[in-house]
Amino acid sequence: MEAIADAGLARSIGLSNFNQRQIQRVLDNCRIKPANLQIENHIYLQQTGLVKFCKANGITVTAYSPLGSKGIEKLLNREVPDLLDNPVVKEIAQRQDRTPAQVLLRHLLQRGIATIPKSTNVDRLRQNIALFDFELTDADMAVLNGLDQNVRICDFAFFPGITKHPEFPF
């Protein structure tokens with residue numbers, strides 16, 4: 001990747017689904033530091049230690065599945081939690097006159113994490129970008145931070161044998 005960046009074919013180098021040990025190994029051996037880490041991150045999987053490590057090393061973090069990932073249930077062959085139906089999220093959304101999705105996305109933004117919400121619905125796309133004219137209170141942030149359960153939705157177990165690979169990050 002450094003050769004690609006040197007050739008002007010990439011502006012930045014990023015990582016995806018790396019754990020802290022793997023990132024440290026990259027930092028110890030790279031010439032061009034990774035600019036971003038993309039990870040699953042939402043109220044049930046906040047990965048605060050990993051996010052803190054990245055920030056301390058000047059690596060931005062981007063969250064995928066910030067609203068959960070209900071569409072992945074068939075692939076995983078199991079139920080996944082419905083983050084948008086969490087009673088705490090719904091109560092904050094009602095009080096703020098926002099959607100639950102806006103509360104979840106704003107929570108990540110206030111934690112300094114970029115988000116990649118997925119939607120093909122035009123109205124939801126508009127709602128998902130309307131995050132910059134409100135803030136969650138410190139109390140709301142604390143309550144949402146307290147919802148962390150270390151629950152991973154995208155565990156990649158649908159790839160046969162991946163969990164046994166020595167570099168499997170989870």
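Ile13 is buried, with a relative accessible area of 9%. Keep in mind that this is a predicted model.

Where does Ile13 lie? It is in the loop between α1, residues 2-6, and β1, residues 14-16.

Next, Asn41. This residue sits in the loop between β2 (36-40) and α3 (48-56). Buried or exposed? Asn41 is buried: its relative accessible area is 0%. A polar atom of the Asn41 side chain lies 2.9 Å from the backbone oxygen of Gln46. Again leaving out residues up to four places away in sequence, Asn41 has contacts that include Gln47, Val51, Tyr64, Pro66, Leu108, Arg111 and Ile113.

From Ile13 we go to Val88, 75 residues apart along the chain. Their C-alpha atoms are separated by 37 Å. Val88 belongs to the contact between α5 and α8.

How do these two pack? Helix α5 covers residues 87-96, and helix α8 covers residues 138-145. The angle is about 160°, and the axes are 10 Å apart. That angle makes α5 roughly antiparallel to α8. Their crossing is left-handed.

Who makes the contact? From α5, we have Val88, Val89, Ile92, Arg95 and Gln96. From α8, we have Asp140, Val143 and Leu144. By type, the contact residues divide into 5 nonpolar, 1 polar and 2 charged.

Terms used: Residues numbered from 1 in each chain as written. Predicted model: local features only at pLDDT ≥ 70, side-chain atom pairs only at ≥ 80, totals over all residues. Heavy atoms only, no water. Axes fitted to C-alpha atoms, helices over the stretch in contact; angles between N-to-C directions. Helix = DSSP H or I, 4+ residues; strand = E, 2+ residues; numbered from the N terminus. Parallel < 35°, antiparallel > 145°, perpendicular 65-115°, else oblique. Left-handed = near helix turned anticlockwise from the far one by under 90°. Contact = heavy atoms within 4.5 Å. Nonpolar A, V, L, I, M, F, W, Y, C, P; charged D, E, K, R; others polar. Buried < 20%, exposed > 50% of the residue type's maximum accessible area, 1.4 Å probe, protein only. Polar contact = N/O pair within 3.5 Å; in protein donor to acceptor, adjacent residues only side chain to side chain.
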